[in-house]
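Here is a short briefing on one structure.

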Amino acid sequence: MACSETEPPEQETLRRWEREQAQLKANVIEEDTEEWQKDSTFAGLERVGGVDLSYVKGNDTVACASLVVLSYPDLEVLYEDCQMVTVSAPYVAGYLAFREAPFLVEAAQRLQEREPGLRPQVLLVDGNGVLHHRGFGVACHLGVLTGLPCIGVAKNLLQVDGLAKDEQHKGQIRDLQMGGDVFPLRGTSGRVLGMALRSYKKSTKPIYVSVGHRTCLESAVRLVQSCCRYRIPEPIRQLQADIRSREYIRKHLSSPLGGTSPGPGRKEEAEPKH
């Protein structure tokens, strides 16, 4: 699409993203669609996937796009795919998926081509789902594009719809006494956008679970909890900077940039500045 002569190209890109995001959002399904979701023990669920994009430290244009598939309920690695990518799309708060999702969709497509029998039955995404500025975070984006049930799992609270890390929120966190304890993230609109979950008994910090696609919130929380050996669920923890992506980057880059970071905007996406 040609850019308007009277409008900066970045504004035209933002308008295009707004239209595309609204079109994709119309396809989000916020309810269970799979037989295994109907069973309290998730009988029939055998493969859980996780995806993440980790940036090379000091370089916000080079990243490692990673996908892992774990057995369920044993949580043993069945498949992993890490690939270095060049990120060219700019970071804009609320539109993180347009920067990162294409590489994660490609990882899912490679899996389908190489090992179709290992296709995950659900994806856990390092980011938010309907807990988002416009109700369509990266977990929703990936869910609609891949057709897979998706769940957003964020480490920080996205402060939207009146949600804030205020004294009330801190008090609710203190009231989470046991692993599996939760409280709803209800915005000023009255809508429950997600759940704060104490996923691990020794962790004092919750994680924030939200619907991505083809799952209800209750099922999403139960599944995430069942995948937690530590604070972060295994399908995502396996991809964090200190495990697989860092090892991959060290092997494939001969420069001193061997570390990884969350990338530009990741903190702002979770904790927007006001």
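Leaving aside its neighbours within four places in sequence, Ser210 is in contact (heavy atoms within 4.5 Å) with Asn128, Gly129, Val130, Leu131, Ile151, Gly152, Leu193, Gly194 and Leu217. Ser210 lies in strand β8. Helices (H or I, at least four residues) and strands (E, at least two) are DSSP runs, numbered from the N terminus. At 0% relative accessibility, Ser210 counts as buried. Buried means under 20% relative accessible area, exposed over 50%, and partly exposed in between (1.4 Å probe, protein chains only).

This is a predicted model, in which local features need pLDDT of at least 70, side-chain atom pairs count only at pLDDT 80 or more, and totals for chains, interfaces and linings use all residues. Residues are numbered from 1 along each chain as its sequence is written, and side-chain values use heavy atoms, with hydrogens and water left out.

**Nonpolar cores**

- A nonpolar core is a set of buried Ala, Val, Leu, Ile, Met, Phe, Trp, Tyr and Cys residues joined through side-chain atoms within 4.5 Å.
- The largest nonpolar core has 33 residues, of which Ile151, Leu223 and Val224 touch the most other members.
- At least two residues of this core come from each of β2 (62–71), β4 (122–126), α3 (138–146), β5 (150–154), β7 (192–197), β8 (207–213) and α5 (217–226).
- Helix α5 gives the most to this core, with five residues.
- Setting aside neighbours within four places in sequence, Val224 is in contact with Leu124, Ile151, Val153, Leu197, Ile207, Val209 and Pro233.
- A second, separate core has 25 residues, including Leu67, Phe103, Val105 and Cys150.

**Salt bridges**

- The structure holds ten salt bridges. Each is a side-chain nitrogen of Lys or Arg within 4 Å of a carboxyl oxygen of Asp or Glu.
- Arg191 forms a salt bridge with Glu30, and their closest N and O atoms are 2.7 Å apart. Arg191 lies in the loop between β6 (182–186) and β7, and Glu30 in the loop between α1 (9–25) and β1 (47–56), so the pair ties together parts that are 161 residues apart in sequence.
- Arg191 is partly exposed, at 33% relative accessible area. Glu30 is partly exposed too, at 40%.
- Glu34 and Arg214 meet through their side chains in a salt bridge (2.2 Å, N to O). Glu34 lies in the loop between α1 and β1 and Arg214 in the loop between β8 and α5, so this pair ties together parts that are 180 residues apart in sequence.
- Glu34 is buried, with a relative accessible area of 19%. Arg214 is partly exposed, at 21%.
- Glu167 forms a salt bridge with Lys170, with the closest N and O atoms 3.8 Å apart. Both lie in helix α4, three residues apart, about one turn of the helix.
- Glu167 is exposed, at 57% relative accessible area. Lys170 is partly exposed, at 40%.
- Asp81, Arg110 and Arg114 are linked in a network of salt bridges.

**Second largest pocket**

- A pocket is an open set of points on a 1 Å grid over the protein atoms alone, where a 1.4 Å probe fits, with protein on both sides within 12 Å along at least five of seven lines; lining residues have an atom within 4 Å of a point.
- The second largest pocket has a volume of about 210 Å³, the volume being the space filled by probe spheres set on the points.
- Its lining includes Lys155, Lys165, His169, Lys170, Ile173, Tyr208 and Arg231.
- Helix α4 (residues 167–174) gives the most to this lining, with three residues.
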